[in-house]
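We will go from one selection to the next and look around at each stop.

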Amino acid sequence: MSIYSQLPIYNDVFFILKDLHERVPKFSKQYKYMLGEKMLECCINMLVLITKISEEKDKEKRIVYVSEISENINILLVYTRIANELKQWGKESVYFFLSEKIVDIANQTENWKKFLQKK
């Protein structure tokens with residue numbers, strides 16, 4: 001088993017990906033493909049970047065990858081809010097739950113970035 005799969009950030013992103021995979025098909029047809037697919041894509045991009053970080057030895061490249069994760073998480077947060085505004089979650093509590101998880105990942109990303117910059 002790879003080292004990245006034991007990282008809390010990896011597991012949290014994977015959890016959100018699985019959760020979105022269950023929720024996006026319930027979006028209305030108009031938003032399922034436009035918005036839902038972009039949300040899933042953000043999660044997949046983050047997972048790929050996390051695997052790249054675990055394989056990369058160059059500190060500067062790792063910082064760049066962490067910054068890209070941060071960008072993806074911010075975009076995902078915007079998409080989540082848009083889905084909420086368009087009433088695609090069904091319940092308001094879903095938005096708050098997902099937002100909390102996404103913000104937690106954003107905090108992990110910032111801490112990771114600080115750690116790499118301090119090294």
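Which residues form a nonpolar patch on the surface? Select Val78, Ile82 and Leu86: together these residues have about 210 Å² of accessible area. Patches here are made of residues with over 30% relative accessible area and no salt bridge, with like charges joined within 9 Å and nonpolar side chains (Val, Leu, Ile, Met, Phe, Trp, Tyr) within 5 Å. The areas come from the Shrake-Rupley method with a 1.4 Å probe, and for residues only the protein chains shown count as cover.

Before moving on, a word on what you are looking at. This is a predicted model, in which local features need pLDDT of at least 70 and side-chain atom pairs count only at pLDDT 80 or more, while totals for chains, interfaces and linings use all residues. Residues are numbered from 1 along each chain as its sequence is written, and side-chain values use heavy atoms, leaving out hydrogens and water.

Now centre on Ile82, which sits in helix H3 (residues 59-85). Helices (H or I, at least four residues) and strands (E, at least two) are DSSP runs, numbered from the N terminus. Ile82 counts as partly exposed because its relative accessibility is 35%; buried means under 20% relative accessible area, exposed over 50%, and partly exposed in between (1.4 Å probe, protein chains only).

The term stands for a side-chain nitrogen of Lys or Arg within 4 Å of a carboxyl oxygen of Asp or Glu. Arg81 and Glu85 are four residues apart in helix H3, so about one helical turn separates them. Glu85 is exposed, at 53% relative accessible area.

How many salt bridges does a search of the whole structure find? The search finds three. For another of them, select Asp12 and Lys101, with 3.9 Å from N to O. Asp12 lies in helix H1 and Lys101 in helix H4, so this pair ties together parts that are 89 residues apart in sequence. Asp12 is buried at 14%, whereas Lys101 is partly exposed at 21%.

Next, follow helix H1 (residues 8-23) to Asp19. Asp19 forms a salt bridge with Arg23, the closest N and O atoms being 2.6 Å apart. Both residues lie in helix H1, four residues apart, about one turn of the helix. Is Asp19 buried or exposed? Asp19 is buried, with a relative accessible area of 10%, while Arg23 is partly exposed at 24%.

Time for the rings. The structure holds four aromatic pairs, where rings of Phe, Tyr and Trp (its six-membered ring) pair if their centres lie within 6.5 Å; planes under 30 degrees apart count as stacked, over 60 as edge-to-face and the rest as tilted. Select Tyr10 and Phe14: the centres are 6.1 Å apart and the planes at 15°, so this pair is stacked. Tyr10 is buried at 15% relative accessibility, and Phe14 is partly exposed at 34%. Then pick Phe15 and Phe97, an edge-to-face pair with 6.0 Å centre to centre and 75° between the planes. This pair links distant parts of the chain, with Phe15 in helix H1 and Phe97 in helix H4 (residues 92-118), 82 residues apart.

A disulfide is a pair of cysteine sulfur atoms within 2.5 Å, and the count comes to zero. Cys42 is buried at 5% relative accessible area, and Cys43 is buried at 0%.
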